[in-house]
Amino acid sequence: MSKPSLLFVSSEVYPFAKSGGLADVAHALPRALNAEYTLEVCMPLYSFVEREKYAIQKRMEHFDISMGGVHYPVEIYGCNYEGIEYRFIDSALLCEREYMYGTPEEGYADNALRFGLFAYAVVALLKEEKQDIVHLNDWQSALVALLIKEDTSIKTKSLFTIHNLAYQGIFAHSYLHALDLDTKHFAMDAIEFYHQISFIKAGIAYADAVTTVSKRYAQEILTPEFGCGLEGFLKHHKNKLSGIINGIDTEHFAPAFSDLKGKAQKKKEYLKEVSLRGVKKPLFVFIGRFTWQKGMDLFLEALESMAAYECNIAILGQGESVYTTKLQELAHVHKNIHLSCTYDESLSLEMYGAADFLLMPSLFEPCGLNQMIAMHYGALPLVHHVGGLKDTVQSYKDFDDTKTKAYGIAFKSPNLTAFLGAFEEALELFANKREYNKILKHNMLCDFSWDKSAKVYSKLYKIITQGEKL
Ligand code: GLC
């Protein structure tokens, strides 16, 4: 029997383009599925993607896509990188930009057209390649689910994954025409959202199955607190909604040490490199985008008090300039805060290796990968117990070494008292070396790979292609 075919669509894929966890998932999940499927991963060929480095070459002669009476030239490129087949959509409108979605402050004004065009191009590819399953990710590819339901010649089944409900792809009603969408779709049970159009609603309404990236988040988004206005709509589609926890690519995230001695050496090297003093002091790191979602306001509120303790704090990331400026001010005043305002994958790996604790005070977190990477690298995560952070990090107070669960420090409400309380717990735990090391060693042996979750996706693909009811 031939293998089922799968097209995995994402607006970002590591190492070609990355702004967050989606790129890591789009890199790692297809690898875990590759043996079982005839598989391709599809993304836009942004102008900054390094074509030569990855031997990206033209795969299909140029063709036009027409939307709203305008013709847009499109080309399909491809490469095989580390055993995975990639397809890239190239079009000036979509790809000739400095950033993928917009500046850190705001999205590009024509994103509806850009990602509308992306969706139409994916549909053209599906027509050509006749895949069994298309796996769509986030609002940027959500429209594909609607377009293939409209075209009876396409038999492909679709699965739509929500990585972050806070980003929905909401645009003016007038784009309906520019995107060639029938006015019948401008309805509450389709893509209309408060008199505008919502790309993410297309994914939720028309995909054969909808998933999000942890079980807890799948529950949370049915409530007004986390539903971002879509809780009612999601409840309506609850039967086809489920949560599948992300894994990490343990080949990529592979610590260069296997014991605590090796880790201590990494810490020493890193501290020296960034001129932080005191190997004996606990090293806290924050790695991530500087945005409200990641709990930046809370982190900034707490940072001054934290820096007053005997500890070091290293921060790596990029994001909104209000946050960057405040971080720079604090790093300037406090000698035990080190700030790197950049995106640097290899530096982040060094920091996970060196860190004693990872700070993750996210207001909400669909899954979160950093806490898993941290535990794998022997750093204890200090997290707000929400979404995927709750599913992947158990409180060290409930430690049980016979269980496959991993542990860290958790606080329940995202406020200053709770966060600083957890921080003080971390300092106490660190002082109790026996306890601290026991948890660390246990975490480092836990399985954070994609193996289990890839099987759950496989099962779901099978269900939708066999037309079973969810
Ligand atoms: C988004 C979410 C994050 C998740 C990632 C990958 O970035 O905010 O929680 O881990 O997608 O699914």
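**Exercise 1. Charges over rings**

Over the face of which residue does arginine 97 lie, and at what distance from the ring centre?

*Solution.* The model is a predicted one. In it, arginine 97 is placed over the face of tyrosine 108, at 5.1 Å from the ring centre. A second case is arginine 51, whose charged end sits over the ring of tyrosine 77, 4.9 Å from the centre of that ring.

**Exercise 2. A ring cluster**

Determine the geometry of the pair formed by phenylalanine 171 and tyrosine 175, and decide whether each residue is buried or exposed.

*Solution.* Step 1: the centres of the two rings, phenylalanine 171 and tyrosine 175, lie 6.2 Å apart with the planes at 75°, so the pair is edge-to-face. Step 2: buried means under 20% relative accessible area. Phenylalanine 171 has 10% relative accessibility and therefore counts as buried. Tyrosine 175 has a relative accessible area of 19%, so tyrosine 175 is buried too. Step 3: phenylalanine 171 and tyrosine 175 belong to a cluster linked by ring pairs, which also contains Tyr101, Phe115, Phe118, Trp139 and Phe199.

**Exercise 3. Helix H3**

Compare the span of helix H3 with the expected value, and describe how far the helix is covered.

*Solution.* Step 1: helix H3 (residues 111–129) has 19 residues. Step 2: from its first C-alpha to its last, H3 reaches 26 Å, close to the 27 Å expected at 1.5 Å a residue. Step 3: 15 of the 19 residues of H3 are buried, and the helix is mostly covered. Step 4: just after H3, lysine 130 has a positive phi of about 45°.

**Exercise 4. Salt bridges**

How many salt bridges does the structure hold, and which parts of the chain does the pair of lysine 267 and aspartate 356 link?

*Solution.* Step 1: the structure holds 21 salt bridges. Step 2: in the bridge between lysine 267 and aspartate 356, the closest N and O atoms are 2.6 Å apart. Lysine 267 lies in helix H9 (residues 260–273) and aspartate 356 in the loop between helix H12 (345–354) and strand E16 (357–360), so that distant parts of the chain, 89 residues apart, are linked. Lysine 267 and aspartate 356 are both buried. Step 3: aspartate 24 and lysine 18 meet in a salt bridge at 2.8 Å, N to O. Aspartate 24, at 9% relative accessibility, counts as buried, whereas lysine 18, at 21%, is partly exposed. Step 4: Glu40, Arg59, Glu85, Arg87 and Glu129 are linked in a salt-bridge network.

Key:
Residues numbered from 1 in each chain as written. Predicted model: local features only at pLDDT ≥ 70, side-chain atom pairs only at ≥ 80, totals over all residues. Heavy atoms only, no water. Phe/Tyr/Trp six-rings, centres within 6.5 Å; stacked < 30°, edge-to-face > 60°. Buried < 20%, exposed > 50% of the residue type's maximum accessible area, 1.4 Å probe, protein only. Lys NZ or Arg CZ within 6 Å of the ring centre and 35° of its normal. Helix = DSSP H or I, 4+ residues; strand = E, 2+ residues; numbered from the N terminus. Expected span 1.5 Å × (residues − 1). Salt bridge = Lys/Arg side-chain N within 4 Å of Asp/Glu carboxyl O.
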